[in-house]
Amino acid sequence: MGKQHTGRSISILDIYGFESFKKNSFEQFCINYANERLQQHFNRHLFKLEQEGYELDGIDWTKIDFEDNQDCLDLFEKRPLGLISLLDEESNFPKATNLTLTTKLKQHLKGNHRFKGERDGAFTVRHYAGEVLYDTGEFLEKNRDLLHSEIIQLLSSCTSQLSQLFASMLKQPQKPASSPIQAGMPACQKQSVATKFKDQLFKLMQQLESTTPHFIRCIKPNNKHIPGMFDKNLVLEQLRCCGVLEVVRIARSGYPTRMTHQEFTRRYGFLLPENHTCQDPLSTSVAILQQFDILPEMYQVGYTKLYFRTGQIGSLENVRKQVLQGTLEVQKCFRGHRARRYFHELKGGVVTLQSYVRGEIARKEYSILLGLKKQAACKKLDEQLMAVVQIQSVIRGWLVRRYFSSLQDSKESNVSKRRPGRRSSEIKDLPLEVLPSIVEELQKRILMTEAALGRKEKENAALREQVQQFESRWSEYETKMKSMEEMWQKQMSSLQMSLAAAKKSLGTDNTTGQPEIHHGAQSPSFYDSEEMSFGPHTPSGSTPTRILNNGTNTNGGLNSISTLANEFEQSKRNFDHEAQAIVEVKSADTVNSVEDIRSLKYKFEAWKKDFKVRLREAKAKAHRLGYGDAEKYRRKWWGKRTKRF
């Protein structure tokens, strides 16, 4: 086994409480015995140890009497004439009964004031909480609590770990048997239930002695178990039995606050003035008490500790708190002053360092700017020199040209007029005073020219943007016009094919009555569709009239078809001219050209609809006029051909 580590812990012991019923058996006997032992522990800590501590420390103290239950514990635990010892002894006899047990108890305990024998196998014990009447009817059987060896063997034969653990605990060797009857019993039954209970209770008390106990007493308000009901006599009896009244008396007359001389000196020693030279903790403690005028009856000075009554240590704590707060305030102010001084020193050093760094950076930037300025000045000087040279060259050229033109004019004038006395040496150069004014005038003209050139460039850029916009619109309009022209061309072709189909149908009907027609020619079916294509152009000219055998004239249908064909050609030329005119003028006025195209489109749609209706009517009329005769002549022609063959 490794080393066992122990630490701090908090344990809670819950006691069932003192029990007194109409019929009290072995269970109540054990429970009340445990309560007697715990009450002894309570009395020892709150009465015995408290008063013994006062006496050992040498303070003036008057003892407080309290009810000690040690004689009741002796009644239970004393050997060999205690209740538990006599019960175990009687349990070892197989023929023992409750009457024999009661008789033995009366015989041996009749002189004890805590015990009282009763009739019918009963006895009474005067506990700290009151008298309890116990019935010994089942004491012996419950105290023996026999466990057969077959049950232990059965637990040992099980494979479960828990069952084997119970079996091993039951097989543990016990103390040697104290009588021949116990020696004949199984090893696991040599110790009675009461003895085991007493041993476990002793172990519990040993564990409680090693701790610092705190007690909570629960008071039963009434015996009827009714909420809100408070029985004063019952509560007062419980307080007296539990020793609560004595505890209150000790607390009022005692000294609940206690401290050793070393702890008291260490906690309150700094409250004394500096001229105090006591080095002994006891002398220092007494000096502190005298310094703050604490009354002698409110404290006691022991050999090792100081004992204070309730509320006396609070005044010392208040003074200590005030002194500590004042000390903290002084320390706070001093530390703040020191921190601020250190901050200002640090800030001054940082500012000085920053000034050096910024000065160095500014000097570097100044040197760089100075070099750039020199370069810019040199560049500007070169540009000015170039401009001056250019101006001088222009002026000199202008002077030379003017001088040359004056020479040429003078020469021509001399030649044309032939004036005597005029020499070329008379022509002189211009005076030098005129040159600066001429230079200024030329500079002004150059500036004006540059400004005008800039304005023209801006205007040209704006015009270019407008030209690009017009070109994009132009391309869009061209695309639209092309699509419309294609659509018109398709629709015109459709109308032309419809006219051609109608004319061809009428022409075929006219030729069926002539005997010269070839026998393989057939009459085409009647076309009412407007999508048949017979060529790109509509045939012009009048359709020849058809003369039937009976002399009937069918020129009415052909005349209407010819009229529609002529109207179609004329409308086609008109629409083509209008579309061409829109294309020619659309670059000048874009908005008006779009409106013209839209109106032309609507006009064309209306004409096309009307033309279709009239064409359909003309075809129906022509069909009504010539279809019957054509069929008759076809039948005659076919009959002649069949007879000929």
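Which helices and which strand each supply at least two residues of the lining of the largest pocket? I found helix H1 (26-56), strand S3 (130-135), helix H9 (193-209) and helix H10 (232-242).

**Ground rules.** I am working on a predicted model, where local features need pLDDT of at least 70, side-chain atom pairs count only at pLDDT 80 or more, and totals for chains, interfaces and linings use all residues. Residues are numbered from 1 along each chain as its sequence is written, and side-chain values use heavy atoms, with hydrogens and water left out. Helices (H or I, at least four residues) and strands (E, at least two) are DSSP runs, numbered from the N terminus.

**Pocket.** I read a volume of about 1,600 Å³ for the largest pocket. Of its 41 lining residues, Leu-13, Ile-15, Ile-216, Arg-217 and Cys-218 are the closest to the centre. A pocket here is an open set of points on a 1 Å grid over the protein atoms alone, where a 1.4 Å probe fits, with protein on both sides within 12 Å along at least five of seven lines; lining residues have an atom within 4 Å of a point.

**Helix H12.** In H12 (residues 261-268) the buried residues are His-261, Phe-264, Thr-265 and Tyr-268. They fall within an arc of 95 degrees seen down the axis, so they line one face of the helix. The arc is taken from the directions from the helix axis to the C-beta atoms. Buried means under 20% relative accessible area and exposed over 50%, with partly exposed in between (1.4 Å probe, protein chains only).

**Strands.** S6 (residues 305-308) pairs antiparallel with S4 (residues 257-260) over four bridges. Thr-260 stands opposite Lys-305 there. S5 (residues 299-301) also pairs with S6 in the antiparallel sense, over three bridges, and Gln-300 faces Tyr-307. Pairing requires at least two DSSP bridges. I noted three residues between S5 and S6 in their hairpin.

**Backbone.** I checked omega from Arg-79 to Pro-80: the bond is cis, near 0 degrees. Pro-80 sits in the loop between H2 (70-77) and H3 (83-91). Asp-120 has a positive phi, near 60 degrees, and is exposed at 72% relative accessible area. His-225 has a positive phi of about 55 degrees and lies in the loop between H9 and H10.

Methods. Points joined across faces, edges and corners; volume = space filled by probe spheres on them.
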